[in-house]
Every structure is written in structure tokens, then in C-alpha cells.
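Reader: Hi! I've just opened this one and I'm new to it. Could you walk me through it?
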Amino acid sequence: MANTTSTPVSADSNLTARALREGFYAGLISLGLFVLFVGLKTDQNILNELILVQRWGLLAIFVAVAAVGRFAMVAYIRPFMERQKVTNLVTGLLPDSVATRFFKLPVFIAAAVIGLGLMIFGGTISASISPTAGAYLSLIRGAAVVYTLASVFFYFRAYIVANFSMLAIIALILYPPVILALTGVQGSLKWVDNFGVQILIYVMLAWGLNIVVGLAGLLDLGYVAFYAVGAYSYALLSSYFGLSFWILLPLAGILAAFWGMILGFPVLRLKGDYLAIVTLAFGEIIRLVLINWTEVTKGTFGVSGIPKATLFGIKFDASKDGFAALMGLPMSSAYYKIFLFYLILALALLTAFVSIRLRRMPIGRAWEALREDEIACRSLGINTVTTKLTAFSIGAMFGGFAGSFFAVRQGFVSPESFVFLESAIILAIVVLGGMGSLVGIAVAAAVMIGGTELLREMSLLKQIFGEDFTPELYRMLLFGIAMIVVMVWKPRGFVGSREPTAFLRERKSVSGSFTKEGHG
Amino acid sequence: MSDMLLQVKAVETYYGNIRALGGVDVEVNKGEIVCMIGANGAGKSTLMMTICGSPQARTGSVTFDGQDITHMPTHEIARLRIAQSPEGRRIFPRMTVYENLQMGASLDNLKYFNEDVEKIFTLFPRLKERQAQRGGTLSGGEQQMLSIGRALMARPKLLLLDEPSLGLAPLIVKQIFAAIKVLNKEQGLTVFLVEQNAFAALKLSDRGYVMVNGKVTMSGSGKELLANPEVRAAYLEGGHH
């Protein structure tokens with residue numbers, strides 16, 4: 001782009017030629033990438049034989065999207081971005097000059113009205129029109145809501161950035177009642193359970209893993225093992241001994257912490273890649289034990305009929321002294337889900353609180369020092385053995401809490417839920433969020449888990465790609481794309497700079513986060 | 001001087017089967033500055049690391065303040081108040097200068113932190129200016145000051161310095177060596193340093209040792225060694241400054 005200062009006409013034609021060329025290559029590459037994955041599909045026919053299904057139409061769409069996308073990117077979007085200086089280098093967001101043109105008050109009001117109206121009356125409208133129109137309606141609703149929220153974020157950005165944690169906690173506390181009011185008791189199930197609880201479980205797991213990976217710098221690929229230990233502790237102890245959730249929750253945490261130490265001992269001398277491999281193996285060992293120790297764990301069938309949690313002894317069932325009856329509410333599983341939402345919210349906040357407190361305490365400082373330089377740590381009199389073991393066991397403890405919550409939420413656990421992919425997703429969330437940053441990790445979890453859940457809502461995509469297109473199947477693809485985009489755009493994750501824990505008097509205006517790291 | 005603080009006696013250290021130290025004897029008395037000079041790969045840093053217990057000496061003994069520390073783990077040796085500014089400085093790059101200093105004071109759980117940090121800031125005013133900056137963003141000289149400052153925060157009885165002049169401009173080296181002198185004169189701090197910069201190190205030190213291929217070949221007072229023709233030929237006039 002350096003020599004585009006010649007005559008504008010030739011520059012334009014150059015650009016178009018280049019865009020055409022790059023678009024062609026992008027199409028070619030995506031053809032090569034997708035020809036076997038998308039173009040052909042193995043299936044079973046009625047005789048149970050394996051047959052090849054050819055999907056050239058779908059393949060053509062993929063290739064066209066890649067080629068046209070690349071062409072538009074090079075020919076129009078990138079020059080436009082450069083002309084407008086659209087992205088701010090520091091924040092990666094729109095600069096004010098562009099954003100004020102984009103977010104206008106009348107549009108905002110219109111979007112808010114449309115969004116709110118469709119959210120309330122959308123159900124009745126879409127019932128009376130064709131499913132295609134209904135799908136478009138939900139798309140419009142989604143766009144209006146996103147625009148409204150983006151405008152709110154834009155106009156109150158200073159306030160929001162300054163008080164993000166507090167606002168986020170308030171929003172989360174208000175979330176279930178607002179959803180109840182908007183969608184009704186039955187409609188709230190999806191939003192509270194699939195989005196709220198699901199995301200918060202991952203937030204909690206990622207915060208727990210953050211203690212091990214983000215603070216202590218010990219790359220743990222088998223974190224799901226502790227999640228499994230917590231889940232099975234609750235499942236087995238409650239079904240064999242009938243103990244209640246509130247007793248087993250701390251117990252599951254302690255057991256997971258114990259297993260964290262068991263893992264910690266053999267890997268004390270390992271670092272980086274070697275540590276990662278051993279922790280990965282540990283995760284698989286736990287899963288295989290759960291599969292094969294059938295007398296106790298019931299193997300792949302899993303443990304079912306796990307008792308639900310109670311609120312001060314009040315059960316969430318249809319009985320006369322159940323929660324719904326006591327409160328004078330009609331019986332619905334939605335109340336139990338809301339209770340679970342607050343429970344996991346409390347557990348996640350506990351995790352955050354403990355990590356924040358620990359960072360300011362000697363043990364937390366030792367973790368961070370350990371991540372930076374183990375030899376320097378030892379020469380300062382820090383016992384790296386106990387430091388590593390506490391990191392493993394405290395991280396594992398929160399995994400155990402989350403696991404027992406998972407068991408009580410599902411009412412069923414099986415080794416299927418604790419595969420390596422789960423560890424990878426949790427680790428990806430920690431890395432995407434920015435290692436060590438609680439806010440960044442929470443945002444990453446919301447985007448990644450919420451995004452994949454949203455794919456289930458994308459019935460519109462079925463209209464484009466045909467009835468047998470299931471968007472959920474592409475969620476790992478999107479997960480990968482999102483990771484690449486974030487890592488290109490912000491190599492250290494959403495919140496990449498580490499927040500210091502101590503200051504002598506006042507913060508210096510320019511801190512090191514804006515300067516390059518030197519090794520001179 | 002009978003007030004011996006550190007005694008290294010016939011120490012042999014191996015990396016696998018390779019002998020890095022072949023029977024080294026070094027003594028450091030209380031209140032002294034002692035230096036070990038030698039060429040690249042002579043074993044100076046290995047001696048420093050052996051004193052700190054990583055790697056541990058295979059034969060011979062290391063005694064500190066009357067206590068045998070040959071086979072103690074590194075962190076327990078550090079708790080006896082042997083503070084080290086390791087080779088390559090090894091500050092914590094993503095932590096601020098202030099936090100780095102806090103880490104130095106973790107032995108006493110920050111009990112004397114506030115008074116000690118003021119002393120460090122008087123000794124190295126640059127660190128005070130840079131206190132909110134991340135360690136990795138400091139210049140080499142500032143990192144060396146931080147590394148020494150962090151070691152001093154532990155209130156050491158013995159300060160070990162591994163090549164404090166490595167990769168620094170002559171002016172900065174002067175500043176740092178002046179600071180070591182001040183610490184020694186005013187607080188009576190005992191210092192043991194290894195250096196390639198033989199001239200500066202010998203001028204600073206009360207006594208010095210010369211190491212060649214894992215063995216001590218010469219020893220004497222700083223002035224004697226400076227005047228010694230062999231030392232001059234090998235370390236002072238042959239391109240080393």
C-alpha cells in the first residue's frame with residue numbers, strides 16, 4: 001500500500017486487479033480446504049452401507065463466500081478502513097469520529113423500540129406467519145438488540161469501563177428476573193439455563209484454571225479431570241450415602257484439591273510442554289478410570305438420578321412443601337434453574353474474590369513470580385514446591401466446586417462430559433481472555449460459549465444452506481476462527497496487560513503497558 | 001581475620017559427567033568485598049550457583065556462618081540471608097519495579113518493607129522514578145539496579161553478585177560499583193562477586209581470587225592482584241577493561 005500515491009485511476013485499477021487476484025486465490029484455497037470436508041460427506045443408506053453424499057452446492061457457497069469476502073476486503077473494506085482510520089490502534093474499537101456518525105439518537109430509539117417490541121410480541125407474530133418470515137423476524141430482533149446495546153456501550157463507555165465489574169455483577173443479578181418478565185416462566189428456561197448457567201459454569205472453570213495457568217504459569221491440559229472428580233464426588237457420594245449438596249459441595253472441592261496435589265507431585269520438576277503432556281495424560285487417566293471402574297462409576301452408562309440441591313431444606317419439586325407451593329407460584333422447573341443460576345453466580349464470584357485476594361497475598365505474589373522466573377524465586381527464598389502444589393490444588397478445588405455444581409444441574413454424569421475437548425475449550429477461554437485477567441476471561445467465556453449456544457438459534461441459516469444444515473456442528477469451526485481473529489488482533493487476549501497489585505503512592509500516568517518489552 | 005562468614009572448601013561440582021569445579025577453596029570474611037575473576041567458562045557462575053545449592057557440590061563443603069549448607073535446598077539457603085543477584089539479572093519482567101522489590105522482601109513477609117524500600121530508592125534513585133513500570137521495560141542498567149535492590153530487600157548477611165557489569169555501559173558500571181561500595185562501607189554488608197571486568201572488580205574488592213578452568217590459581221588482596229604481572233597480562237591488558 002506504499003505506492004498508491006500515483007494517479008488515482010491507475011491506483012484504483014491496480015487495487016481491483018489485486019483484489020480479483022487475491023479473491024481468486026482465497027477461493028482456490030478454500031476449495032482445497034473444503035472439498036473433502038464439505039463437498040463430500042459419508043452417510044449410511046437404508047441398507048446400512050456407507051455411501052458418499054456429494055454436496056457441490058454447499059461447497060460452491062463456501063468457496064464463493066471466501067472469494068467474494070476476500071475481494072471485498074481488499075478492494076473496498078481495507079481502503080475504506082484506512083481512509084477513515086476506522087479502528088483505533090489502542091482500543092481496537094471504532095474511534096469517536098466514526099462512531100458518532102454510526103450511533104445516532106433517533107436510530108437508537110427506533111432500534112430500542114423495535115427490539116423491545118419484537119421481544120415481547122415476537123412470539124405471537126411469528127406464530128401467525130411463515131417460518132421463513134419468522135426467522136427473518138428473529139434476525140431483525142437480534143440486530144436491533146445488538147445495535148441498542150452497542151449504542152448504550154458507546155455513550156456510557158467511560159462510565160462502563162470504569163465500573164465494569166460492578167455493572168456486570170448487577171446485570172447478572174438482575175438477569176433472571178428481567179428474562180422472566182420478558183419471556184415468561186417457560187420461555188425463561190432457555191435463556192437462564194442454556195445461556196446463563198452454561199456460560200457461568202465455563203466462567204468459573206476458566207477462572208479456576210486461570211489460577212494454575214494465568215497466575216502460576218503452569219500449563220495444565222487436564223483441568224477437566226478435577227471437574228470430573230468434583231462431579232463424580234457429588235454423584236457417587238449422594239447416591240451411595242444420601243448426603244446433601246451443601247455438605248458435598250465443599251467435600252467435592254477438597255477431594256479435587258487433593259487430586260490436584262496428587263497430580264502436582266510428579267510434575268514438580270516439569271515445565272512448559274512437558275508439563276502440558278503429563279497433565280493431558282492425567283486428564284485421560286481420570287476419564288478412563290471413570291469408564292472402566294464400572295462397579296463404582298457404572299462406566300459409560302454414567303450415574304443418573306442424582307438428587308437436586310435444596311435451598312435451606314426447601315425442595316424444588318411439586319410436593320406440598322416445595323419451593324413453588326411455599327411461594328404460591330405455579331410449579332415450574334424454571335425456578336430451580338433460576339436458583340441454579342444464582343448458585344453458580346455465587347460460586348463464580350467466590351472464585352473471582354479468592355483469586356483477587358490471593359494475588360495480593362504472599363502466596364499469590366509467589367505464584368506470579370513463579371510464572372515469571374522459577375530460579376529467581378528460589379534465590380529469594382520461595383519454596384517452589386509448596387507454591388506449585390498450592391496453585392494446583394486451589395485451581396483444582398474450584399474445578400471440583402464447578403464439577404459438583406455440574407452434577408447437580410444435569411442430574412446425570414457420564415465420562416462423556418469430561419473429554420479432552422473440554423479442557424481445551426477452558427484453556428482457550430483463558431488464553432483468549434488474556435491470561436490472568438478475570439474480566440477478559442469472563443468476556444471470552446461469554447463470547448465463546450454464548451456464541452456457540454447462539455448458533456442453535458440460527459434457524460435463518462437453515463433457510464440459506466438448506467434443511468439438513470445444522471449450525472451447531474460448525475461451532476468448533478467458529479471457535480477456531482474466533483481464536484485466530486483474536487490472536488491476530490490482540491495477541492495477548494482481550495485484556496492483555498497485567499494489572500499491578502501494589503503501588504507506593506500513586507499510579508504513574510504512563511505505565512509499562514504501552515511500551516515494548518525489552519530484554520536489554 | 002577470624003570472622004569467617006562463608007567458606008567454600010575443596011568443592012567439586014559436576015554437570016552430568018563434566019566437571020565444572022575442581023576443588024575450589026574460597027573464604028569470605030564478615031564485612032569484606034571479595035571478588036572472583038576469570039575468563040568465560042572458567043566456572044565462576046557455577047561456583048555462585050553451587051553456593052546457592054543448585055547444582056549441589058558433589059564433594060567438598062560449603063559453610064555459611066558456621067552452618068553446613070552444602071546439601072540444603074536453594075530456598076532454605078536463601079532463608080539464611082544469602083541474597084543473590086543472579087547472572088542475567090532474572091528480574092520478574094511482567095511485574096512492576098515495586099512488586100519486584102516486594103518479592104525480595106517476602107522472607108519477612110513485608111515486615112520491614114516500607115523502611116527498606118526507601119533505602120533502596122536512596123541508593124538507586126532511578127528505581128524510584130520507575131517504580132510503576134514493568135521490570136521488562138527497564139534498561140539493562142536499571143534491571144541490574146533492580147536485581148541488586150531486590151536482593152537487598154531480603155536484609156542479607158551476604159550478597160552474591162554474578163557479573164553485575166554484564167552488558168552495561170561503563171558509566172552505569174561505575175554507578176553500580178559505587179553503590180556496592182557504599183553498602184559495604186555504611187552498612188558493613190559482606191559482598192562476594194564474580195566478574196569478568198577484572199579491573200573494576202579488583203579495584204572495588206578487599207581481596208580477590210582468579211579462576212582458570214574450574215580451579216583457583218591465584219589469590220590475594222585487590223591491590224596485589226592488580227599489580228601482579230600475570231593477572232595484568234591475562235585479564236587487564238588483553239582486551240578486557
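This is a predicted model: local features need pLDDT of at least 70, side-chain atom pairs count only at pLDDT 80 or more; totals for chains, interfaces and linings use all residues.

Reader: Okay, and which residues of helix 14 of chain A are buried?
Author: They are G364(A), R365(A), A366(A), W367(A), E368(A), A369(A), L370(A), R371(A) and E372(A). That makes nine of the eleven residues of the helix (residues 362-372), so helix 14 of chain A is largely enclosed by the rest of the structure.

Reader: Nice. What about an exposed spot? Why does V146(A) count as exposed?
Author: V146(A) has 12 C-beta neighbours inside 10 Å, and a residue with 12 or fewer is called exposed, so it falls in that class. You'll find V146(A) in helix 5 (residues 131-155) of chain A.

Reader: How far is V146(A) from L251(A)?
Author: Their C-alpha atoms are separated by 42 Å, and the two residues are 105 residues apart along the chain.

Reader: Let me zoom out. Which domains is chain A divided into?
Author: Domain 1 covers 1-84, domain 2 covers 92-162 and domain 3 covers 179-495. Between the centres of domain 2 and domain 3 of chain A, taken over C-alpha atoms, there are 31 Å.

Reader: And the nonpolar core, how many residues are in the largest one?
Author: The largest nonpolar core has 172 residues, and M204(A), A206(A), I344(A), I429(A) and A445(A) have the most contacts inside it. Helix 7 of chain A gives this core its largest share, 17 residues.

Reader: Which residues does I429(A) touch?
Author: Leaving out residues up to four places away in sequence, I429(A) touches Y202(A), A206(A), I441(A), A444(A), A445(A) and M448(A). There is also a second, separate core of six residues, with A26(A), V63(A), A66(A) and A67(A) among them.

Reader: Switching to chain B: what's the order of the strands in the open sheet of four?
Author: The order is 2-1-4-5, with antiparallel pairing. Strand 2 (18-29) and strand 5 (67-68) of chain B are at the edges with a single partner strand each, so one side of each has no neighbour in the sheet. Helix 1 (residues 44-51) of chain B packs on this sheet, where it touches strand 1 (4-15), strand 2 and strand 4, and its direction makes about 70° with that of strand 2.

Reader: How is strand 4 joined to strand 5 in chain B?
Author: Two bridges join strand 4 (residues 59-64) to strand 5, and the two run antiparallel. As an example to look for, T63(B) stands opposite D68(B) in strand 5 of chain B.

Reader: And the open sheet of six strands, what's its order?
Author: In chain B, it goes 6-7-8-3-9-10, with mixed pairing. Its edge strands are strand 6 (82-85) and strand 10 (215-221), each pairing on one side only. Strand 6 and strand 7 (residues 158-162) of chain B pair in the parallel sense over four bridges, and A83(B) stands opposite L159(B) in strand 7.

Reader: Last one! How many residues of chain B are in contact with chain A?
Author: 31 residues of chain B are in contact with 30 residues of chain A. Helix 3 of chain B supplies the largest share of the chain B side, five residues. By type, the chain B side that touches chain A divides into eleven nonpolar, 15 polar and five charged residues.

Methods:
Residues are numbered from 1 along each chain as its sequence is written. Chains are lettered from A and ligands numbered from 1 in the order in which they are written. A residue is buried if 20 or more other C-beta atoms lie within 10 Å of its own, exposed if 12 or fewer, and partly exposed in between; C-beta atoms are placed from the backbone. Domain bounds come from an automatic or database domain assignment. Two strands pair if DSSP finds at least two bridges between them. Two residues are in contact if their C-beta atoms, placed from the backbone, lie within 7 Å. Axes are lines fitted to C-alpha atoms, for helices over the stretch in contact, and angles run from 0 to 180 degrees between N-to-C directions. A nonpolar core is a set of buried Ala, Val, Leu, Ile, Met, Phe, Trp, Tyr and Cys residues joined through C-beta atoms within 7 Å. Ala, Val, Leu, Ile, Met, Phe, Trp, Tyr, Cys and Pro count as nonpolar, Asp, Glu, Lys and Arg as charged, and the others, Gly among them, as polar.
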